[in-house]
Amino acid sequence: MMGSWTQQGGYPLLTVKRNYEDGSFTVSQEAFYNNENTKSDKLWYIPINYASQSKSDFRNTEASDYLLKVPSIKVDAKLGKDEWLILNKQSTGFYRINYDEQNWKMIVQGLIDSPYRVHARNRAQLIHDAYRFSISNRLSHSILLDMLTYLSNEEEYAPWATSRAIFDTFNRFFIDDKEYEHFKQYLAYIIEPVYEKFGIHEDSGEQHYHKITRNIVIHLANMAGLKNAFGDVYGKFKTELQGGVTIEPNLQSQFYCISLKDGSAQEFDYVFNKLMSINDQALRNSFISSLGCTERKEHLQKFFSSSIDTSNSLRGPERLNILSAAYSRSQAGLDAAIEFLQTNYQAYDGLAINSNKPVDTAIRGMSSYVVNSDQEAKLLELVTALKYSIYVNSDLETVVKSRIQDNYNWLKTNRGPIMTWMSSFRTSGSASLSLSVVSMATALLMVLFRLN
């Protein structure tokens, strides 16, 4: 059995099609590729098990059936036609699973009605699989977007860690979109009740995963522009800044990040000086990450300049992480990073460790975050200036253009159906406040907090 896993690359995609008349289902296998049109003849020995709405016990992960290196099998499960079916209990098998649309819809409704009947690891896998299938034309985007609404009742780490990556991706691609507010409204509807449950303070005796889930919730609440989220975070940061209670270590990086986005020089220098004076490597990495959240040009310039200032206390590998901490966070960070390399590429090349080319690495990294023509023009101008130099590899221009095109392809495939769905999304209750009111309230709170 193991030969099929150790002697060939990739992993399987299982496609499940149910017979709603006799309660059976068919499982077929193929190799999974991001491009749904890519095919191969690879087969695996695959153990499978399953749970259903009427038998939702996810504890026993022993295999009940096998695909013995065959294309498909039929399982006579005697399922009720109105109950969901989920394969791979606790996600112990290494494969993706796509279902027929009717079963996906029943899974979505099951998560909305009773999410904790499904194991947390399966909830995470369902979200991740639905995302990958939706962006590769295997599943309607509406299934994914409907599914994510159940998160308003989710408190476990695994589903939230998976969902954060998806929301971060949406935010990166849509932040400059004319309909970006529809995304914020949708996210606000999901995250507001969870933010109210978690709050911003750690409780004694909390499990570790609950603490780091709070970080995710706070991050997404601020991404959505919840009217209280920034004020809560900045108030706690300001208390520490003024010599009061120190922010809990698990929350520090997130609180600093949010507060420094449009922070004052005093606030930026507070975190910057902590970075320069502390020895603990984990905290130093955390502070570098937080400093990269600033979007103020003068602070970004100071941050980037520190990477090539050999008189400060930054360590070798840390210097190479500074640009990515900013360009991966915001458009302002990306623009400033490109501008910095345009005038400092020689000094930045001096940061090389062994035989690597830091300028080349940085430009390749930036290209993954280019999502509009203005950013593309700026980055390609830098590439053109350096492509024949000793500072970059000969394939830099090809790789950069390919990555930018990949981003444009993502937008072409996904922007339309996602934004159409989100623009028609309607909420109720406290999250249904018009976006203009929420945005104005958030902006006003930011001003008031900074004036106090």
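## Helices α2 and α4

In this predicted model, helix α2 passes helix α4 in a left-handed crossing. On the α2 side the contact is made by Glu101, Trp104, Lys105, Val108, Leu111 and Ile112, and these meet Ile143, Asp146 and Met147 of α4.

The axes of α2, which covers residues 101–113, and α4, which covers residues 141–148, come within 9 Å and cross at roughly 15°. Since angles under 35 degrees count as roughly parallel, α2 and α4 are therefore roughly parallel to each other.

## The largest nonpolar core

The largest nonpolar core has 129 residues, and those with the most contacts inside it include Trp104, Phe304, Leu323 and Met366. Helix α6, residues 180–198, gives the most to this core, contributing ten residues.

Leaving aside its neighbours within four places in sequence, Leu323 is in contact with Phe304, Ala337, Phe340, Leu341, Tyr348, Ala362 and Met366. In soluble globular proteins, nonpolar side chains tend to be buried together.

## Helices α17 and α18

Helix α17 (residues 373–386) and helix α18 (residues 396–423) have axes that come within 11 Å and cross at roughly 175°. Because an angle over 145 degrees counts as roughly antiparallel, α17 and α18 are roughly antiparallel to each other.

Here Ser373, Glu376, Leu379, Leu380 and Val383 of α17 make the contact with Leu396, Glu397, Val400, Lys401, Ile404 and Tyr408 of α18. The residues of this contact divide into seven nonpolar, one polar and three charged.

Technical notes:
Residues numbered from 1 in each chain as written. Predicted model: local features only at pLDDT ≥ 70, side-chain atom pairs only at ≥ 80, totals over all residues. Heavy atoms only, no water. Axes fitted to C-alpha atoms, helices over the stretch in contact; angles between N-to-C directions. Helix = DSSP H or I, 4+ residues; strand = E, 2+ residues; numbered from the N terminus. Parallel < 35°, antiparallel > 145°, perpendicular 65-115°, else oblique. Left-handed = near helix turned anticlockwise from the far one by under 90°. Contact = heavy atoms within 4.5 Å. Core = buried A, V, L, I, M, F, W, Y, C linked by side-chain atoms within 4.5 Å. Buried < 20%, exposed > 50% of the residue type's maximum accessible area, 1.4 Å probe, protein only. Nonpolar A, V, L, I, M, F, W, Y, C, P; charged D, E, K, R; others polar.
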